[in-house]
Amino acid sequence: MDSTLLEVKNVNKKFGGLVALDGVSIDVKSKGIVGLIGPNGAGKTTLFNVITGFTLPDSGTFSLNNKSYFPGSIHKVNRAGISRTFQNIRLFSKMSALENVMVGRHHITKSISTGVFGCLFKTKKFKKNEKEIREKSLQLLELVQIRDKADFPASNLSYGDQRRLEIARALATEPKLLALDEPAAGMNPKEKEDLKRLLLKLNSMSISLLLIEHDVKLIMSLCKDLFVLDRGKIISRGSPESVQKDSGVIDAYLGK
Ligand SMILES: Nc1ncnc2c1ncn2[C@@H]1O[C@H](COP(=O)(O)OP(=O)(O)OP(=O)(O)O)[C@@H](O)[C@H]1O
Ligand SMILES: [Mg+2]
């Protein structure tokens, strides 16, 4: 049996009077592909924001690989082994595709030799480090199949390629868990099919995936395990087939 990679328990988050997350617990098995679905405003992105250090929870416990972590900062979460993409693409639009990935890689390769001193005086170690970052970033662009667009400004890439670039940048921190917030949003059917292939490839490389997605066909074909969030609470969990038949889930989507 696969071991548990991510375990999040009893997360609560309020925005003023609005209860966005109400005692939410989820888990992701090592090498798993887990879906998080639910109607608009259910709290899916808020849960991602909390798990990945973008929003502080009011309470809850978090562990990765049986090691507890506190999602108090994005860097800490990155170092723990979790990376993410965003519902609304967040790239440095004027920077090249390659530079966008390199920025992600810089997050985890900081050292004394490459700090301000290294940067100012272009020490040997600094140059070696930069070369390593560049090579690794090019490999990631190759993996997401946009290596040929490495020098294009991010804003010149097609929508589908920008989503791929976000994935490459997230991979730059070498995550064990990749959290994807609506990665197929706005994609055409061909781009969605390509994305599915890419996600399966990442999973075959032992990267676990936690996926928010509204595309039912995509989520059903990728995930064996689904969590359904509605008004801040997990209302169902199980295989896509069982979740689809759950009357509570049907009511949530029909607004009952
Ligand atoms: N920073 C914030 N301040 C105040 N309220 C917020 C904040 N972020 C989210 N909310 C509210 O929390 C609730 C959950 O929002 P969230 O974005 O997590 O939903 P979602 O499930 O991702 O929805 P969607 O499917 O539309 O992306 C919503 O009512 C939203 O308005
Ligand atoms: Mg959202």
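1. Is Phe-70 buried, partly exposed or exposed? In this predicted model, Phe-70 has a relative accessible area of 49% and is partly exposed, where buried means under 20%, exposed over 50% and partly exposed in between, with a 1.4 Å probe and protein chains only.

2. Phe-70 sits in the loop between strand S5 (67-68) and helix H2 (74-80), helices (H or I, at least four residues) and strands (E, at least two) being DSSP runs numbered from the N terminus. Leaving aside residues up to four places away in sequence, Phe-70 touches Leu-56 and Lys-76, a contact being heavy atoms within 4.5 Å. Between the C-alpha atoms of Phe-70 and Ile-167, which are 97 residues apart along the chain, the separation is 24 Å.

3. Thr-45 (OG1) and Gln-87 (OE1) coordinate the magnesium ion (ligand 2) at 2.0 to 2.2 Å; donors are N, O and S atoms within 2.8 Å of the metal (3.2 Å for Na, K and Ca), and water is not among the atoms, so sites may look incomplete. Because Thr-45 belongs to helix H1 (residues 44-51) and Gln-87 to the loop between strand S6 (82-84) and helix H3 (97-106), the pair ties together parts 42 residues apart in sequence. Thr-45 is partly exposed at 24% relative accessibility, and Gln-87 is partly exposed at 31%.

4. On conventions, residues are numbered from 1 along each chain as its sequence is written, and chains are lettered from A and ligands numbered from 1 in the order in which they are written. Local features need pLDDT of at least 70 and side-chain atom pairs count only at pLDDT 80 or more, while totals for chains, interfaces and linings use all residues, and side-chain values use heavy atoms, with hydrogens and water left out.
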